[in-house]
Amino acid sequence: MTTSASVPTGSESAIAAGGTVTDRLVEANARYADAFTDPGMDARPVLHVAVVACMDARLDLHAALGLELGDCHTIRNAGGVVTDDVIRSLTISQRKLGTRSVVLIHHTGCGLESLTEDFRNELEAEVGQRPAWAVESFRDVDQDVRQSMQRVRTSPFVPHTDDVRGFVFDVKTGLLREVDPAS
């Protein structure tokens, strides 16, 4: 497995020169663009699937699912929770870009398991304004996957709900475990 910690940055890295992480990323993009050729792909995913997953940096979704560039739409947020914005993305993905299947992936050891809605109170005390969004924290990852599946299946905007499946990714083994929606 390759991680950013194991990828050499070169002797002229922006960070070593006093730059920022963003400077490093922009430099990496310039090297990428030098060798880039337009793959001639359509925005429509080849496999007609949208994957909703947590933003956790330990999840390499393409590698874990055997996906290639262009195979799927990937929608990520804290917890992989199905929020209004995820429904928005899934609606566009299905209605305008041809996806038919939805795969939901939560994972073990998620940071949302240690947060509570009190986080919003803390933010309000700090910045003087309460966030309009919910934290969507949870204690039971399986139950949260079930809730996310239910939100997709009952949305009036998402037309294709016959193939909505949910999984928990084990960050220690790399294996997916399917969650039974009826349990």
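This is a predicted model: local features need pLDDT of at least 70, side-chain atom pairs count only at pLDDT 80 or more; totals for chains, interfaces and linings use all residues.

Biologist: Which strands pair with strand 4, and in which sense, parallel or antiparallel?

Modeller: Strand 3, residues 101–107, runs parallel to strand 4 and is joined to it by six bridges, with His106 having Val168 as its bridge partner. Strand 5, residues 176–179, pairs with strand 4 in the antiparallel sense over four bridges, and there Gly166 stands opposite Val179. Strands 4 and 5 form a hairpin with six residues between them, and in the turn Gly174 has a positive phi of about 80°.

Biologist: Why is strand 4 described as largely enclosed by the rest of the structure?

Modeller: A residue counts as buried when its relative accessible area is under 20%. Strand 4 covers residues 164–169, and five of its six residues are buried, so the strand is largely enclosed by the rest of the structure.

Biologist: Is Arg146 buried or exposed, and which residues is it in contact with beyond its neighbours in sequence?

Modeller: Arg146, which is found in helix 5 (residues 141–154), is buried, with a relative accessible area of 16%. Leaving aside neighbours within four places in sequence, Arg146 is in contact with Val179, Asp180, Pro181 and Ser183. The C-alpha atoms of Arg146 and His106 are separated by 11 Å, although these residues are 40 apart along the chain.

Biologist: How should I read a helix, and what does helix 1 show?

Modeller: An α-helix has 3.6 residues a turn, so residues three or four places apart point the same way. Helix 1, residues 21–35, has 15 residues and reaches 22 Å from its first C-alpha to its last, close to the 21 Å expected. Its N-terminal end is capped by Thr20, where a side-chain oxygen lies 3.3 Å from the backbone nitrogen of Thr22.

Key:
Residues are numbered from 1 along each chain as its sequence is written. Side-chain values use heavy atoms; hydrogens and water are left out. Buried means under 20% relative accessible area, exposed over 50%, partly exposed in between (1.4 Å probe, protein chains only). Helices (H or I, at least four residues) and strands (E, at least two) are DSSP runs, numbered from the N terminus. Two strands pair if DSSP finds at least two bridges between them. The expected span of a helix is 1.5 Å times one less than its number of residues. A polar contact is a pair of N or O atoms within 3.5 Å; within protein, one must be able to donate a hydrogen and the other to accept it, and residues adjacent in sequence count only if both atoms are side-chain atoms. Contact means heavy atoms within 4.5 Å.
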